[in-house]
Amino acid sequence: MSLRYRTTLQHRYRAGEVPYVYATTTASILRLDAITEELLTSFDTVGGLIPEDYLESTPEEQRDEARGALDELVGLGLILPVGTEPALRPSTGAANYPLQTLVLNVTNKCNLSCTYCYEYGEDRLTEAPKLGAKARAPMMTSAVAQESVEFLFKTAAGRGPLTVTFFGGETLLNFEVIRSAVAKAKALADEKGRQVGFALTTNASLLSPEVVQFLIDHQFGVNISIDGNKDQHDRHRKFKSGRGSYDEILPRIRALLAARRPGGRPIGARVTLTAGQTDVIGIYRHLVSELGFDEVGFAPVTSAPGRDYALSPSNYAQVLAAFRELSDDWLESAFANRKHGFSNLNDLVRELHLGVNKAHPCGAGLGLLGVSTEGDLGLCHRFVESGKHEVGHVSSGVDETKRGDFLARGHISAKIDCHSCFARPVCSGGCYHEAYVRTHDETAPNLHLCDWIRSWTSLGLEVYGRVHARNPSYLDRLTGHDERLGLPRAVPMAEATELV
Ligand code: SF4
Ligand code: SF4
């Protein structure tokens, strides 16, 4: 009996008038002609079709061409015998550990008291206060910072360029320790012939002239947390007194932006979107056109359900509509070979063009680890104060059993709900921290966000198709870090990926 064939997991869409398909298993994007489009439509049936029956039904003069196209689609894995869709490879465990980025939580103190903060807000993961155990040291010492840097160089021996990222609390409350860690990293890089880069996230309230000079001199990638104009920003980002922080940070941000050097690292804004705070276009224009930021990344707030700042489904719909509008702006820039500062879309299009196919959603516990103020290693910067998620210490190294267990549980093969989702290669279940505050299981897929993720991925695919049709070389420059576009050289901190 002849085998029946059917389409494998894929997403078909149009970019303008042009049909495309995104093949989930291989994370590849193909432009379709009339014959391949017709084949994919015909074979998209639950029970499948027998190829010879299908070919018999096509006009004779088109049969050879249809046969060739069918063979090609079978070769590409887009149409396969029913029941033979490639299985996901099981997790490879903890072998071949590619640590390249260490995120040092140099302090867990902050001079602001933002409503939605996961460090101080209701979604804090620290177990010590809840369990009545010893509280963590508020500040990392120089000794711990230097030991952390030594740990990174030792553990990542033989790997590519390294990144040391500083995080908090408010990172700049511990500027002297940042300075000592940078000096140590530079000395080790010189001694061992390695490359090392630095990044820092800050609320900008402590950006003094001395700090600005230091960041520029050492080519830091700087991310500033700012939520828009004064009204938008001050809504959640306040000092402990309740006073908004916008007026305090504005002149400091202007000084940093003015100190940028030609060809230096871009300076980015990181915006947290919350309920009632979804004016993406207005925020983008203020930050890029009025203040002069190079890039803006929008992050929907991470929260347990029920918080009054949590985004509702209708808020997510507003954000998506605004992202679509901003994507049109992005496309105009792409067609004109200009860089655009919409980081979320730069990152997504870059991943699609590279064919990224994630086995884990991000680099946490893999290419990236967080370090607590006391030197404990956590899955990422958001987990460093959670005893439950510790995976070792910088003095004794990684606890491979714990790390391996986490990576096996977080692998896409363990997320059954994701196996039938076309967006799997770029999502892979989503942020562990978000999952933990929602479900108390960091390796659970973020199923509350699926509609949003799929719509966003679909928008990214459409944008990709439009650029591909009109200015394909822009995609190579986007992924090849073309200096003319002024795009960052380093992979964003949370985006290190493992291929399936
Ligand atoms: S979490 Fe949802 S959107 Fe993400 S891969 Fe899984 S099913 Fe798809
Ligand atoms: S995406 Fe990954 S690295 Fe970023 S906060 Fe979530 S778990 Fe941590």
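# Reading a sheet, a helix and a ligand shell

Q: Which residue of E12 does Thr 101 stand opposite?

A: Thr 101 stands opposite Leu 368 in E12. The model is predicted, so local features need pLDDT of at least 70 and side-chain atom pairs pLDDT 80 or more, while totals for chains, interfaces and linings use all residues. Residues are numbered from 1 along each chain as its sequence is written, and chains are lettered from A and ligands numbered from 1 in the order in which they are written.

Q: How many helices and strands does the chain have?

A: Helices (H or I, at least four residues) and strands (E, at least two) are DSSP runs, numbered from the N terminus. This chain has 17 helices and 15 strands.

Q: In which sense do E6 and E12 pair, parallel or antiparallel?

A: Two strands pair if DSSP finds at least two bridges between them. Strand E6, residues 101-105, pairs with E12 in the parallel sense, over four bridges. E12 also has two bridges to strand E13, residues 376-378, and there the strands run antiparallel. Gly 370 has Gly 378 in E13 as its bridge partner.

Q: What do E12 and E13 form, and which residue in the turn has a positive phi?

A: E12 and E13 form a hairpin, with four residues between them. In the turn, Gly 375 has a positive phi of about 95 degrees.

Q: Which residues of E12 point one way, and which the other?

A: In E12, residues 368-371, Leu 368 and Gly 370 point one way, and Leu 369 and Val 371 the other way. All four are buried, where buried means 20 or more other C-beta atoms within 10 Å, exposed 12 or fewer, and partly exposed in between, with C-beta atoms placed from the backbone. Over the chain of 500 residues, 45% count as buried.

Q: In what order do the strands of the open sheet stand?

A: The ten strands follow the order E11-E10-E9-E8-E7-E6-E12-E13-E14-E15, and their pairing is mixed. E11 (295-300) and E15 (397-398) stand at the edges with a single partner strand each, so one side of each has no neighbour in the sheet. E11 is joined to E10, residues 267-273, by six bridges, and the two run parallel. In this pair Ala 269 stands opposite Val 296 in E11.

Q: Which residues of helix H13 are buried?

A: In H13, residues 400-410, the buried ones are Arg 403, Phe 406, Leu 407 and Gly 410. These residues cover an arc of only 95 degrees around the axis, which puts them on the same side of H13. The arc is that of the directions from the helix axis to the C-beta atoms. Among what covers the buried residues of H13 are strand E14 (390-393), E15 and helix H15 (432-439).

Q: Is Leu 3 buried or exposed?

A: Leu 3 is exposed, with 12 other C-beta atoms within 10 Å. Leu 3 lies in the segment before strand E1 (5-7). Its C-alpha atom is separated by 8.2 Å from that of Leu 49, which is 46 residues apart along the chain.

Q: How many residues surround ligand 1, and which are the closest?

A: A residue is near a molecule if its C-beta atom, placed from the backbone, lies within 6 Å of it. Here 16 residues surround ligand 1, and the closest are Cys 418, Cys 421, Cys 427, Pro 445 and Cys 450. Helix H14 (424-427) and helix H16 (450-470) are the elements that give two or more residues to this shell. H16 supplies the largest share, three residues.

Notes. Contact = placed C-beta atoms within 7 Å.
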